[in-house]
Amino acid sequence: MRRHTWDLDDATDTVIHHVRSATFPNFVGTDLKRRCVFEDDNTLKLDTPHMATGGEARPSHVRWLRLDGKDT
């Protein structure tokens, strides 16, 4: 079993999450690839593949914000 739950591919600016548990059971045991986009010094956006919503494939992302410029 992997010790860590993610890997980073610097060449493609992609993070690969190795899913151990999820609210979507079909994600468990899979690898989810997301492109990393640093929007500014405090904002990281992870672009996900298009997801089907209401019968249409739509873009999706996860956005992480650093609180109050903290470095930890």
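Predicted model: local features only at pLDDT ≥ 70, side-chain atom pairs only at ≥ 80, totals over all residues.
1. The side chains of Glu-56 and Arg-58 meet in a salt bridge, with N and O 3.7 Å apart, where a salt bridge is a side-chain nitrogen of Lys or Arg within 4 Å of a carboxyl oxygen of Asp or Glu. Glu-56 is partly exposed at 47% relative accessibility, and Arg-58, at 39%, is partly exposed as well; buried here means under 20% relative accessible area, exposed means over 50%, and partly exposed lies in between, with a 1.4 Å probe and protein chains only.

2. Residues are numbered from 1 along each chain as its sequence is written, and side-chain values use heavy atoms, with hydrogens and water left out.

3. The structure holds 3 salt bridges, and one of them joins Glu-39 to Arg-63, with the closest N and O atoms 2.9 Å apart. Because Glu-39 lies in strand S3 and Arg-63 in strand S5 (residues 56-65), this pair ties together parts that are 24 residues apart in sequence; strands (E, at least two residues) and helices (H or I, at least four) are DSSP runs, numbered from the N terminus. Glu-39 is partly exposed, with a relative accessible area of 38%, and Arg-63 is also partly exposed, with a value of 42%.

4. Another salt bridge is formed by the side chains of Lys-45 and Asp-47, at 3.5 Å from N to O. Lys-45 counts as buried at 18% relative accessibility, whereas Asp-47 is partly exposed, with a relative accessible area of 24%.

5. Arg-34, placed in strand S3 (residues 31-40), deserves a separate look. In general, side chains of opposite charge can pair when their charged atoms come close.

6. What the side chain of Arg-34 does make is a polar contact with the side chain of His-17, at 3.2 Å. A polar contact is a pair of N or O atoms within 3.5 Å; within protein, one must be able to donate a hydrogen and the other to accept it, and residues adjacent in sequence count only if both atoms are side-chain atoms. Leaving aside neighbours within four places in sequence, the residues in contact with Arg-34 include Asp-13, Thr-14, Val-15, Leu-46 and Val-62, contact meaning heavy atoms within 4.5 Å.

7. Strand S2 (residues 14-18) is mostly covered, since 4 of its 5 residues are buried, and 5 bridges join S2 to S3 in an antiparallel arrangement; two strands pair if DSSP finds at least two bridges between them. Val-15 stands opposite Arg-34 in S3, and Leu-8 in turn stands opposite Val-15 in S2.

8. Strand S1 (residues 6-9) and S2 pair in the antiparallel sense over 4 bridges, and the bridge partner of Asp-7 in S2 is Ile-16. S1 and S2 form a hairpin with 4 residues between them. Asp-13, found in the loop between S1 and S2, has a phi near 50°, a positive value in a residue other than glycine, and at 40% relative accessibility Asp-13 counts as partly exposed.

9. Thr-43 is found in strand S4 (residues 43-53) and is buried, with a relative accessible area of 9%. Apart from neighbours within four places in sequence, Thr-43 is in contact with Val-37, Phe-38, Arg-63, Trp-64 and Leu-65.

10. A search of the whole structure finds 1 aromatic pair. The rings of Phe-24 and Phe-27 have their centres 5.2 Å apart and their planes at 45°, so the pair is tilted; rings of Phe, Tyr and Trp (its six-membered ring) pair if their centres lie within 6.5 Å, with planes under 30 degrees apart counted as stacked, over 60 as edge-to-face and the rest as tilted. Phe-24 is partly exposed, with a relative accessible area of 47%, and Phe-27 is partly exposed with a value of 22%.
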